[in-house]
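Subject: Structure handover

Hello,

Please find the structure below, followed by my notes on it.

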Amino acid sequence: MAASAGKPEVLVIGSGPNGLAAAVTMARHGFPVTVREAGETVGGATRTLELTLPGFRHDACSAIHPLAEASPCFRELPLSRFGLSWIYPDAALAHPFDDGTAVLLHKEILKTVETLDAGDRGAYQQLFGPLLEEWELLAPELLAPMHFPTHPLLMAGFGIHGLRSATGLAENRFQKSRAKALFAGLAAHSILSLDRAGSAAFGLILGVLGHLNGWPFPKGGAQQITMALAGYLESLGGKIVTGEAVRSLNATSGKELMFLNVTPRQALTIAGSRFTPGYRQQLESYRYGPGVFKMDWALSGPIPWRAEECRRAATVHLGGTLEEIAAGEKEVWQGSHPERPFVLLAQQSLFDPSRAPEGKQTGWAYCHVPNGSTVDMTERIERQVERFAPGFRELILARSVRDCAGFERYNANCIGGDINGGVQDLNQILARPIIGPHPYATSDSRIFLCSSSTPPGGGVHGMCGYHAAQLALERLGR
């Protein structure tokens, strides 16, 4: 749709998926849109780079994208026309154990429960089956700001389980270690201590998405998501300017509508002078969570998993039992670095030959660490991989590591290495980034926040930008 005369110009700062989602939403309604990006390429945390050796393409941050494929925002956009295609591994994830076996989360629930102990199969179906059946109604409720639900009974049913701690729910629902460990790995994506209320919700949502879409990832790398969004935006007449950091809004006319795809800390730096003292105080109290230590490997061959079925999944959770995963995540929240960290590993090149030279493979992994950590976790991560895949180290041709400071240099939104845009506990889900019915609005009526520091939080789904744009359109009477 061409831009219409008389509509205010729209400036979006930051070209991650949320910024681009806001830009696309406004451009589809005929607004003239410009996106300004500090980096040389679009993408924010969704980029693909040669981090190790030539020909080995690694996702710089996000890698596996169940939320992107299932996003209500992205699903209504013609992104396939702009080069985005999804790869669906045989299984969403694998969770190996020290005895050489593994649990696989398949798209089909019945295939998943076959990998569990007999006593937990019915309980698993009873937990995830109803959520999967109602997902199309639940998704818009869960991926939105706080509101009175359209389907209150469904949300109440989800809340009965989701408001619990992950350890509490797993111990209550399951008898054996395999199902408990599977759920712990899912919930640990929250980057919360698993004894915290609300941590179970993340395990439930990610488990349902595994059964819904099998945790796909983009062919060619995570960059393809943002390139498709950027291509569609430009087809609508939008403009993208890269290599241009916006450090202050003082040079703007004040007439533009502005969407800041940044966290509260940067928003205060960029636009603090335009906010009221009360609003500034609320942003100043926003809390950031643990960081990550990430590794990428160029490998001479596939990772030699002791449990062969691990090769059927692009995502592998390394942490053994519920008890081990929960202990490690709790240590991180206490400011320590676990000797046996929970490691999230991806092996996309098994399913996407474009990621590595012929006959070679890539590996991608990270663990959680205290915010701002400077500890090198290389040995601990590789020891965890070697534990479940003896001989792994012999395949390493080159490695790339990024600590918390490296993440913040790469993407200013990763404050202290926090990749979720801030803690996602119950308090900060209610107040993300402030308490109120319109979390995307600021005290300046022409400035909106649209980063993962707004609902529904971290993940590649574009819903923060989409909802911010919808609020702006509502206020403009569109």
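In which helix is Gln-223 found? Gln-223 is in helix α11, residues 223-235; helices (H or I, at least four residues) and strands (E, at least two) are DSSP runs, numbered from the N terminus. Gln-223 counts as buried because its relative accessibility is 9%, where buried means under 20% relative accessible area, exposed over 50% and partly exposed in between (1.4 Å probe, protein chains only). Apart from neighbours within four places in sequence, Gln-223 is in contact with Thr-41, Val-42, Thr-46, Arg-47 and Thr-48; contact means heavy atoms within 4.5 Å.

On provenance: this is a predicted model, in which local features need pLDDT of at least 70 and side-chain atom pairs count only at pLDDT 80 or more, while totals for chains, interfaces and linings use all residues. Residues are numbered from 1 along each chain as its sequence is written, and side-chain values use heavy atoms, with hydrogens and water left out.

The chain as a whole

The chain has 18 helices and 16 strands. Its radius of gyration, taken over C-alpha atoms, is 22 Å, close to the 23 Å that the globule rule (2.2 Å times the number of residues to the power 0.38) gives for 478 residues, so the chain is as compact as a globular protein of that length. The C-alpha trace spans about 65 × 55 × 40 Å along its principal axes. Of the 478 residues, 62% count as buried. Among contacts with a separation of 6 or more, 75% come from residues 24 or more positions apart.

The chain exposes about 17,800 Å², and carbon and sulfur atoms supply 52% of that area; accessible areas come from the Shrake-Rupley method with a 1.4 Å probe, and for residues only the protein chains shown count as cover.

Strands β6 and β7

Strand β6 (residues 91-96) pairs with β7 (residues 102-105) in the antiparallel sense, over four bridges; two strands pair if DSSP finds at least two bridges between them. His-95 has Val-103 in β7 as its bridge partner. Five residues lie between the strands of this hairpin, and Gly-100 takes a positive phi near 90 degrees there.

In a regular strand the side chains alternate between the two faces of the sheet. Both faces of β7 are covered: Ala-102 and Leu-104 are buried on one side, and Val-103 and Leu-105 are buried on the other.

Helix α15

Helix α15 (residues 378-388) is mostly covered, with eight of its 11 residues buried. Charged side chains are included in the buried set, among them Arg-380, Glu-382 and Arg-387.

Backbone points to check

Two residues other than glycine have positive phi. Ile-191, at about 55 degrees, is in the loop between α9 (177-187) and α10 (199-213), and is buried with a relative accessible area of 6%. Trp-215, with phi near 55 degrees, is in the loop between α10 and β8 (217-218) and is buried at 2%.

There are also cis peptide bonds. One joins Arg-432 and Pro-433, with omega about 0 degrees; Pro-433 lies in the loop between α17 (426-430) and β16 (447-449). Another runs from Pro-455 to Pro-456, with omega near 5 degrees, and Pro-456 is in the loop between β16 and α18 (463-475).

Regards
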